[in-house]
Amino acid sequence: MVNPLHGLPLLEDLPDIEGRRVLVRVDFNVPLHIGIDGRATVADDFRITAALPTLRWLQDRGAEVVACSHLGRPAATRDPRWEMDPVRERLSALCPGIELGENLRFSAGEKANDPEFVATLIEGFDAYVNEAFGVAHRRHASIVGPPQFLPSAAGLRLAREVSVLGGILVCPARPFVAVVGGAKVADKIEVLKALAPKVDTLIVGGGMAFTFLAAQGHRVGSSLLDPDHIADCRALLDSGLDIRLPTDIRALEPGGTFGPQSGGIGPRGGVKVIEQDLTDGWTGLDIGPESAAAFADVVRHAGTVLWNGPMGAFEDQRFAAGTREVAEAVAQCEGFSVVGGGDSASALDELHLCEKVDFLSTGGGASLAFIERGGDLPALEALRHAPNAPA
């Protein structure tokens, strides 16, 4: 079996770091809560706590550790809304002694992978560690630049991400079930194609299911539909792979609205469970109870289950039942359960089920890109070419 970590420098491959300065690229792009006084605090510190073992490993060996991260989507200029102060405060409480630089994306050089920005970033450092799996699919300066010049390593969490995700792609326990949801087929069709020869069963939910249903000839009403990918969906359906689609839909009546309750004004409109065909004006926003029960039964008996993407618009409680039932089934799975970050992780967190899955990825988009690219990412490629990478 191919080792997913082959050629990747790990922390043990770094030279002696006692008294040395080590730059650690972390992914502290965490949600913030803005209080009534306007003060921002970290709302969810999962990504911070995930990096702590690596930060402490370096500290324990006498390194001077400086972390760097992006936060939010500033327009390549300093923006007070996205300054790192609230993250720095939380990090200091969890792991004193770690310096955290300012938001990397305040500079246009970060996303542009500008060599001058790389040079500025690594000035004065003796080694580099990448502990930012959530952005490992980006060719940004802080991701692919430092390993060209400094002894480098994958952090403990990044290495674990590669080991787990690579392992289920190479040698999963059977049956291997992938549950893929979310809004758009376009975002995940290449991932589905990559998974097709590896999984035993593919379960498709969320808004993307309607393009598959349309490919089968069903009417989808006003539901999300991607006409440009109907042929791709039909090809997968005709491939012989066991693909499970919703057989009933929880739909919103014509003219209705959906979304989270806000300020005492909630979404409006009647909700009805309908068989696969929806008439004009009806919008499918969740899998129905029959589909949820059937999907959950397959998931619970999987040898390996990979879940990425909600089964419906779960931010509106009227359309959260499908995601909730699948999440509970993933937590109850008899085999090895992997959740690919993003909205799936948010759903698990809301249901207090995070501790009941075997592995929760820190990167939604990165985990999908890892699968799509057969187990490689720009960050991993860069590390494998670091001066201290194993042969």
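# Close-up views of a predicted model

**View 1. Ser346 in helix α12.** Ser346 counts as partly exposed, at 35% relative accessibility. This is a predicted model. The residue belongs to helix α12, which spans residues 342–350. Cys95 is 251 residues from Ser346 along the chain. The C-alpha atoms of Ser346 and Cys95 are separated by 24 Å.

View 2. His352 sits in the loop between α12 and β16 (359–360). Its phi is positive, at about 60 degrees, although His352 is not a glycine. His352 counts as exposed, at 69% relative accessibility.

**View 3. Ala76, another residue with positive phi.** The loop between β4 and α2 (85–94) holds Ala76. Phi of Ala76 is near 55 degrees, a positive value in a residue other than glycine. Ala76 is partly exposed, and its relative accessible area is 38%.

**View 4. The cis peptide bond at Pro175.** Arg174 and Pro175 are joined by a cis peptide bond. Omega is near -5 degrees. Pro175 lies in the loop that runs between α6 (156–170) and β8 (176–180).

**View 5. The five-stranded open sheet.** The strand order is β5-β4-β1-β6-β7, and the pairing is parallel. The edges are formed by β5 (99–100) and β7 (152–154), each of which pairs on one side only. Ala67 stands opposite Leu100 in β5.

**View 6. The six-stranded open sheet.** Six strands follow the order β10-β9-β8-β14-β15-β16, with parallel pairing. Strands β10 (242–244) and β16 are at the edges and have a single partner strand each, so one side of each lacks a neighbour in the sheet. Elsewhere in the sheet, β8 is joined to strand β14 (residues 304–308) by five bridges. The two strands run parallel. The bridge partner of Val179 is Trp307, in β14.

View 7. Strand β13 covers residues 283–287. How many of its five residues are buried? Five of the five are, so the strand is largely enclosed by the rest of the structure. Strand β11 (residues 248–252) is joined to β13 by four bridges. This pair runs antiparallel.

View 8. Helix α4 spans residues 115–122. Its buried residues are Phe117, Val118, Leu121 and Ile122. They cover an arc of only 120 degrees around the axis, and therefore lie on the same side of α4. Which residues are exposed on the other side of α4? Glu116 and Thr120 are exposed there.

View 9. A search of the whole structure finds zero disulfides. Cys333 is in no disulfide, and its nearest cysteine sulfur is that of Cys354, 16 Å away. Seen from Cys354, the closest cysteine sulfur is in Cys333, and 16 Å is too far for a bond. The cut-off for a disulfide is a sulfur pair within 2.5 Å. Are these two cysteines buried or exposed? Cys333 counts as buried, at 11% relative accessibility. Cys354 is partly exposed, with a relative accessible area of 22%.

View 10. A search of the whole structure finds one cavity of 30 Å³ or more. The largest cavity has a volume of about 70 Å³. Its lining includes Asp27, Arg47, Ala50, Ala51 and Glu131. Ala132, Phe133, Gly134, Arg157 and Thr362 are also among the lining residues. Which helix gives the most to the lining? Helix α1 (residues 46–60) does, with three residues. By type, the lining residues divide into four nonpolar, two polar and four charged.

Note on methods: Residues numbered from 1 in each chain as written. Predicted model: local features only at pLDDT ≥ 70, side-chain atom pairs only at ≥ 80, totals over all residues. Heavy atoms only, no water. Buried < 20%, exposed > 50% of the residue type's maximum accessible area, 1.4 Å probe, protein only. Pairing = 2+ DSSP bridges. 1 Å grid on protein atoms, 1.4 Å probe; cavity = no way out; pocket = protein on both sides within 12 Å on 5 of 7 lines; lining within 4 Å. Points joined across faces, edges and corners; volume = space filled by probe spheres on them. Nonpolar A, V, L, I, M, F, W, Y, C, P; charged D, E, K, R; others polar. Arc of directions from axis to C-beta.
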